[in-house]
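Trainee: I am new to this and would like to learn how to read a structure step by step. Could you take me through one?

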Amino acid sequence: MPKQWPTITKLETFVPSAHGSGGDYHRQDGDHWIVQGNISCPMHQYPEYKVSRTSWGIGVLGSIFVKLTASDGSVGYATGFGGPPALYLIEEHFKRFVVGQDPRDTNKIWDQMFRASMFYGRKGITLAAISAVDLAIWDLLGKIRDEPIYKMIGGRTKKDIPLYLTGPRPEIAKELGFWGAKVALPHGPPDGHEGIRKNVAYLKQCKEAVGEDYPVQVDCYMSLNVPYTIQLIKACDKAGVDINWWEEVLHPDDFDGHVKLKEALPTHTFTTGEHEYSKYGFRKLIENRAVDIIQPDVMWLGGLTELIKVAAMAAAYDIPVVPHGSGPYSFQAIMTFTNSSFCEVIANSPDGRSISPSFGNLFTNEPMPTNGRIDLTDAPGFGLELNPAAELVPYSSFFSMTKGLGAAGETDEEAKARDKKAVEGK
């Protein structure tokens, strides 16, 4: 342990330039199964946006990359979601709460970023930006301590982590050794009764492809409502289609809707949470016990610092926590959480028939499943090594501040000097 603990001396932000590289797995080429139009979504009520999910902008923001340097030369980094707008928030607002700080003070740094942005944030892109900074701080801390994240937050609670696979081909999940498969629902309320019939037929086909005893989950991507969900599930029951769980069927803010669903369908399992943020957002989901599994995304809800708090709150209600996606960032948490028994892996290959790294080519050593399971090494931090060939576009390429707009740490005199220099064309 160093006598003088290092402080954070530098924060840099970038956008990974390649499609599918980094934390935004929606930023894919048009032929990728993740962005094709046969996935029910909130925009399907508008026919012109049913052709593909890229048509309404699911990948418009893109990924980010945050790099931190400490006074002893240690470097920590993380990828995330939010693109150039998230970089702006980090560089022009959150940097002031990070540079100069002791990286062990994760709770203080997180709380300052969250409180300072409450007037415009609390959810969405603001929390995604905070998440990336928080994950980079934890990575830096692990590098300084020469310890993996899971050892710093509670240690190993399981030999390895069982995984289920999300993708368009459940039979591939079974062949590769995953304990279960998750598929996307093709049709929603705008498709009417015919859509329900097609959904039941599709889900029946999925079950037949893997056998009755193999678990299949259904992701509804915030696209249903209470009456439609009840009708759809009853139709599946009538057809003998046994679904392991129904995921994110309602608008994320419809807490009362989940209560209604549990009252109407008490023996069915409902999950949600990937589009919820911070401990405040998860509090009601947990307290009303209407959701059987919560699925926070560590790259979205506020990072590891906040995921630890949400998982602890859920543990007090004996509610399992199964983080959404996020690869190695989720694995480190699940390895130590006692109420996290398994995790999700997304089939990132374009056709969904093979497993590709969650973050594309951004890292050289992203851990990959073996026979549907994942184990962790004792590599420090999150254990990820940046690919020297990864193209990272710096913040300055997107925002060139030629006027005094309140850049982080800038004095009035510095702003005036910069404005004068811009006017003079120097």
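Predicted model: local features only at pLDDT ≥ 70, side-chain atom pairs only at ≥ 80, totals over all residues.

Mentor: Gladly! Strand β2 is mostly covered, with 7 of its 8 residues buried.

Trainee: What does buried stand for here?

Mentor: A residue is called buried when its relative accessible area is under 20%. By that rule, 7 of the 8 residues of β2 count as buried.

Trainee: Which strands does β2 pair with, and how do they run?

Mentor: Strand pairing is read from bridges. Strand β1, residues 8–16, is joined to β2 by 6 bridges, and the two run antiparallel. β2, residues 63–70, is also joined to β3 by 7 bridges, again in an antiparallel arrangement.

Trainee: Which residues face each other across these strands?

Mentor: Follow Leu68. Leu11 has Leu68 in β2 as its bridge partner, and Leu68 stands opposite Gly76 in β3. Another pair to look for is Val66 with its bridge partner Ala78 in β3.

Trainee: Where do the side chains point in a strand?

Mentor: In a regular strand, side chains alternate between the two faces of the sheet.

Trainee: How many residues lie between β2 and β3?

Mentor: There are 4 residues between β2 and β3, and the two strands form a hairpin. In the turn, Gly73 has a positive phi of about 95°.

Trainee: Is β3 enclosed or open?

Mentor: Count its buried residues: 6 of the 7 residues of β3, residues 75–81, are buried, so this strand is largely enclosed by the rest of the structure.

Trainee: Loops come next for me. Is Asp24 buried or exposed?

Mentor: Asp24 lies in the loop between β1 and β2. Asp24 is buried, with a relative accessible area of 2%.

Trainee: Which residues is Asp24 in contact with?

Mentor: Here we leave aside neighbours within four places in sequence. Asp24 is then in contact with Gly59, Leu61, Gly62, Ser63, Gly80 and Phe81. For a case of separation, take Asp24 and Lys309: they are 285 residues apart in sequence and 24 Å apart in space, C-alpha to C-alpha.

Trainee: What does the radius of gyration tell me?

Mentor: It can be set beside the value for a compact globule. With 426 residues, such a globule would have a radius of gyration near 22 Å, and the protein agrees because its value is 22 Å. Along the principal axes, the C-alpha atoms fill a box of roughly 70 × 50 × 40 Å.

Trainee: What share of the contacts joins residues at least 24 apart?

Mentor: Taking contacts between residues at least 6 apart in sequence, 72% join residues at least 24 apart.

Trainee: And the surface and charges?

Mentor: The protein exposes about 17700 Å², with carbon and sulfur atoms supplying 51% of it. The mean positions of its 43 positive and 52 negative charges are 3 Å apart.

Note on methods. Residues numbered from 1 in each chain as written. Heavy atoms only, no water. Rg over C-alpha atoms; globule rule 2.2 N^0.38 Å. Contact = heavy atoms within 4.5 Å. Areas by Shrake-Rupley, 256 points an atom, 1.4 Å probe, with all protein chains shown as cover. Lys, Arg positive; Asp, Glu negative; His and termini not counted. Charge placed at Lys NZ, Arg CZ, Asp CG, Glu CD. Buried < 20%, exposed > 50% of the residue type's maximum accessible area, 1.4 Å probe, protein only. Pairing = 2+ DSSP bridges.
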